[in-house]
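User: I have a structure open and would like to talk it through. Could we start with the detail of a single element and then widen the view?

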Amino acid sequence: MKEPPMSKTLFEKIAAREIKADIVYEDELVLAFRDINPQAPTHVLIVPKKPIPRIDQAATTDQNLLGHLLLKAAEVAAKVGLQASGYRLVINNGRDGGESVPHLHCHILGGRQMTWPPG
Ligand code: AMP
């Protein structure tokens with residue numbers, strides 16, 4: 001019997017243009033768009049188009065994709081004007097990590113001084 005198709009994640013729907021977003025970068029592997037609820041003057045999410053739920057479910061076969069995601073995160077940070085001032089990259093994993101969308105994403109936050117320890 002054929003398995004029913006898995007439903008799309010929120011970020012797959014954004015990639016498919018089924019949900020509107022302010023997209024700042026796209027290639028065949030990743031998509032970057034502005035966060036709907038920004039936590040800093042500049043807050044962009046970069047996601048793999050492949051719906052890996054979270055970093056602890058990534059496989060060794062995802063190594064190139066994850067490297068691409070991080071390199072593109074730095075490129076996107078520069079594209080949105082954060083290279084000179086600096087920025088923070090964040091990946092939330094699971095409940096205590098504060099993950100709310102089960103599709104791997106890296107936050108790019110900048111435009112203000114970040115504090116440590118994080119909240
Ligand atoms: P996390 O809490 O790490 O899972 O991050 C999920 C992020 O997705 C949050 O910062 C949300 O504000 C953001 N988000 C949720 N829905 C949308 C949307 N439709 N467009 C852009 N960002 C979104």
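Analyst: In this predicted model, Cys106, Ile108 and Gly110 point one way from S5, while His107 and Leu109 point the other way, and all are buried.

User: What does that say about S5 as a whole?

Analyst: Strand S5 covers residues 106-110, and five of its five residues are buried, so the strand is largely enclosed by the rest of the structure.

User: Which strands pair with S5, and in which sense?

Analyst: Strand S3 (residues 42-48) pairs with S5 in the antiparallel sense, over five bridges. Strand S4 (residues 87-90) also pairs with S5 in the antiparallel sense, over four bridges.

User: Zooming out, what is the order of elements?

Analyst: The protein has three helices and five strands, which run α-β-β-β-α-β-α-β from the N terminus on.

User: How does the radius of gyration sit with a compact globule?

Analyst: The protein has 15 Å; a compact globule of 119 residues would have a value near 14 Å, so the two agree. The C-alpha trace spans about 55 × 30 × 25 Å along the principal axes.

User: Last topic: how far apart are the mean positions of the charges?

Analyst: The mean positions of the 14 positive and 13 negative charges lie 4 Å apart.

Notes
Residues are numbered from 1 along each chain as its sequence is written. This is a predicted model: local features need pLDDT of at least 70, side-chain atom pairs count only at pLDDT 80 or more; totals for chains, interfaces and linings use all residues. Side-chain values use heavy atoms; hydrogens and water are left out. Helices (H or I, at least four residues) and strands (E, at least two) are DSSP runs, numbered from the N terminus. The radius of gyration is taken over C-alpha atoms; the globule rule is 2.2 Å times the number of residues to the power 0.38. Lys and Arg count as positive and Asp and Glu as negative; His and the chain ends are not counted. The place of a charge is taken as NZ of Lys, CZ of Arg, CG of Asp or CD of Glu. Buried means under 20% relative accessible area, exposed over 50%, partly exposed in between (1.4 Å probe, protein chains only). Two strands pair if DSSP finds at least two bridges between them.
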